[in-house]
Amino acid sequence: MNDKMKIEPKWKRSSEEIWRDHFEEITSVDKVSRLDFALIKKYAFYYAAAAIVVIALLPLLFSKNVVSLRGEHISCTLPDGSVVNLNAETELTYNSLIWFISRGVKMNGEAYFEVEKGAKFTVRTKNGDVRVLGTKFNVFSRGDEFAVTCITGRVEVKSENKVIIEKNEGVRMANNGELKLISEPDMGNTISWKDDVFYFTSVPLNKVIEEVMRQYDVDIEYAENNNYIYTGNFSKESTIEEVLEIVSLPFGLRTEKRGNGYKLVSQ
Amino acid sequence: MLKAGKLRKEEFKKLFDTYFDAIRRYLYYRCSDSELASDVAQDLFTRIWEKSMQIDPVKDKALLYKMASDMIVSKLRRKKVELNYSGSIIIEESGNTPETNVEYEQLKIQYSEVLLKMPEKVRTTFLMSRGEELKYAEIAERLNVSVKAIEKRMNLALTLLRRDLRRETE
């Protein structure tokens, strides 16, 4: 009777299946990789050093820089689809590597942002920071001048103090560094530069001349020791001579051509 | 390099095909747990490949069984296993098969109990002989003992079986 009895283990997987599922893979990895591993150990220090350098440089590789020169407007799309229009002589920097962790750009100059809805979006300037969630707004930061205009949505502007502005409001940094709310009937004028139209309301003449120099990429000599205040507008469709005439006429100034540039002199 | 790698793989595949199931069975005889036996066998062959051990399928079979034995011993030290072979016993059809399933199951339990009474080495030897139909000389080679020792173990196993199974069935 006991001759007929046998032990037959019940395997979950046959040896063929075990070969196919496990050994086929490990035996396909060539022995070369094991040798390399020994080399890696030997030169571990150098590999580590190289890795640290690469990791340190990595953010630089992903750092994007957009610069518009004088007389130039640039439109640029950020990784999330937000659009930035750079006015002349503006620099914008952002990092596409950490973009999806923190949306943010550094900016110097003037730019109009149309930010896609999403996480906090920050514009850093040397005069202050602007924080939004998803709106359209204009940031001006040149020299000590800092102004932010909100076209839609809400914008938080932070410098020495913090101001939250809404649609058709703006802030400007006063001489003492404090942010002051400004409200103009038509905030659209502050972003009309996108369409090559420049509006000025009670702006010192030297600031207007600076803007003309930026937009037309010309040098203009001008005695700054006055306190002329200009209100008016010009369009880039006009020639530089026409613009200078429009701007200088109310103050009794005359335009003279000087080499590649111009000089404004009293009549 | 590539060619050597391919050759090595072929040799390893041959070793695997020849011994994987035998080792797995041997481990099962030791622990009566088919999952554990499979895992340990897989670990053993993985180790052989990874350490690039040169194992001759003819000369080094005792080494293979020794390594398997050491591995299962260290596994069993950590994990307490209740031995029970009744689940894997099969009874081949013959003239005097038991009439009912109940009797059939009872017989399996009895057989398993006899197996548990055997000393480990006796049981392993007996099952290698019975389950895989290996010759005594072959078993002796694999377990690295003399044929005489195998004969002794088999005698003891058969004596135990005869005594216990006869008494129970009668």
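Tutor: Let's start with Glu156(A), which sits in strand E11 (residues 155-158) of chain A. This is a predicted model, where local features need pLDDT of at least 70, side-chain atom pairs count only at pLDDT 80 or more, and totals for chains, interfaces and linings use all residues. Residues are numbered from 1 along each chain as its sequence is written, chains are lettered from A and ligands numbered from 1 in the order in which they are written, and side-chain values use heavy atoms, with hydrogens and water left out.

Student: What makes residues 155-158 of chain A a strand?

Tutor: Strands (E, at least two residues) and helices (H or I, at least four) are DSSP runs, numbered from the N terminus. Residues 155-158 of chain A form such a run, strand E11.

Student: Which residues does Glu156(A) touch, not counting those up to four places away in sequence?

Tutor: Contact means heavy atoms within 4.5 Å. Glu156(A) touches Asp129(A), Val130(A), Arg131(A), Lys162(A), Val163(A) and Ile164(A). Leu133(A) is 23 residues from Glu156(A) in sequence and 9.5 Å away in space, C-alpha to C-alpha.

Student: Why is the pair Glu8(A) and Arg25(B) called a salt bridge?

Tutor: The rule asks for a side-chain nitrogen of Lys or Arg within 4 Å of a carboxyl oxygen of Asp or Glu. For Glu8(A) and Arg25(B) the N to O distance is 2.4 Å, so the pair meets the rule. Glu8(A) lies in the loop between strand E1 (5-7) and helix H1 (15-28) of chain A and Arg25(B) in helix H1 of chain B, so the pair joins two chains.

Student: How do you know that domain 1 and domain 2 of chain B are in contact?

Tutor: By the contact rule, 10 residues of domain 1 of chain B are in contact with 12 residues of domain 2 of chain B. The rule also finds three salt bridges across this interface. The side chains of Lys61(B) and Glu138(B) form a salt bridge, at 3.1 Å, N to O. On the domain 1 side, helix H1 (2-31) and helix H3 (61-78) of chain B each supply at least two residues, and H1(B) gives the largest share, six residues.

Student: What makes helix H2 of chain A a region for caution?

Tutor: pLDDT is the predictor's confidence in each residue, from 0 to 100. In chain A, confidence is lowest in helix H2 (residues 32-42), at a mean of 61. Where pLDDT is low, the predicted coordinates should not be read in detail. Chain A averages a pLDDT of 83, and chain B averages 85.
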